[in-house]
Amino acid sequence: MQRLSRAFAKINLGLLIGQRRPDGYHDIETVFHRIDLADELLFEPAQGIAVDSSEPEAPSGEGNLCHKAVRLLQDELGCQHGVRIRLTKNIPAGAGLGGGSSDAAVTLREVPALWGADLGLERLEALAVKLGSDVAYFLRPGSALATGRGERLEYFDLDVPYAILLCTPPSRVSTPWAYRQIIPGSRRPSSSLRETVIAGMKDPSLLPGTVVNDFEKPVFASYPEIEGVKQALLELGAVFALMSGSGSSVYGLFAGPGAAEEAGSRMMERGCRTALTPPHFQPGVHSSTSRP
Ligand code: C5P
């Protein structure tokens, strides 16, 4: 039997960064939201663990987060079953979109089913946190307010009535590097981001200055071309634009898909990869299908 599944990308609709904690992570507050951009993962039983990625630079062995996820599942289930994962990458890496994390979450959900096992969501969530701060988010559907190091999640339904144009310039930003640029104690998460985002979906004039990404300042200082992408989106008619995660992607909200498509063509001419999410997009968690 084979299982085919899609792993959606997320954007951060706002990201506030607080104190660096004794464990080395930072307390954050962010709203995660899925967009219409997904990797495809095909799982089939095999001897041992193999991950074949369409992206030649992606690590295929132990360094791949899907590989690590399978190892954790073997330990948790006390088994030595194997799996081959064929990964078709559409989500750019190092782009603030959680692609590797989403792939790992889908692996955690799909591989036990392939092996005829059921771990339950709570055990999967405990494994997800070992793989990375934002992996757990991808296990359940919906948007979520994330706090702690990003693993404390409160899911909620968020209707985004705008077309979301995502633009990823060729620059890649390292997340650990970006966290090191944050001045300690410069901001305390405020616990009002979710409300601000919800209000901003009805009245976009509320978004600038209230829905912010604390990574923008240090990342723009070192990568002015990413700030250029944000400026270009605003000039092309976005009602709001913000960098996602630690970059390099920037999203723009557009009143209609036509304006967003037009802006997308211009941004491609500028060398960006683009992805367009229609208004009111709701992907569910990740659709999977079984094949004999
Ligand atoms: O958890 P994840 O592997 O995604 O994090 C990558 C790196 O980003 C961490 O090793 C840490 O340096 C930094 N980080 C942080 N605070 C967070 C999340 C990540 O400092 N909340």
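Predicted model: local features only at pLDDT ≥ 70, side-chain atom pairs only at ≥ 80, totals over all residues.

**The pocket and its ligand**

Analyst: Let's start with the lining: 48 residues line the largest pocket, and those nearest its centre are Gly-94, Gly-98, Gly-100, Ser-101 and Thr-175. Residues are numbered from 1 along each chain as its sequence is written, and side-chain values use heavy atoms, with hydrogens and water left out.

User: What volume does the largest pocket have?

Analyst: Rolling a probe the size of a water molecule over the atoms shows where empty space is left. A pocket here is an open set of points on a 1 Å grid over the protein atoms alone, where a 1.4 Å probe fits, with protein on both sides within 12 Å along at least five of seven lines; lining residues have an atom within 4 Å of a point. The largest pocket comes to about 1300 Å³, counted as the space filled by probe spheres set on the points, which are joined across faces, edges and corners.

User: Where does the ligand sit?

Analyst: In the largest pocket, going by the rule that more than half of its atoms lie within 2 Å of the grid points. Its surroundings include Gly-24, Tyr-25, Ile-28 and Tyr-179, a residue being near if one of its heavy atoms lies within 4 Å. H4 (175–180) gives the largest share of this shell, three residues.

User: Which polar side chains lie by an oxygen atom of the ligand?

Analyst: Look for N or O pairs within 3.5 Å, the cut-off for a polar contact. A polar side-chain atom of His-26 is 2.8 Å from a ligand oxygen, and one of Ser-133 is 2.6 Å from a ligand oxygen. Arg-149 uses a backbone N or O atom, 2.9 Å from a ligand nitrogen. As for cover, the ligand alone exposes 450 Å², and the protein buries 73% of that (Shrake-Rupley method, 1.4 Å probe).

Conventions:
Polar contact = N/O pair within 3.5 Å; in protein donor to acceptor, adjacent residues only side chain to side chain. Helix = DSSP H or I, 4+ residues; strand = E, 2+ residues; numbered from the N terminus.
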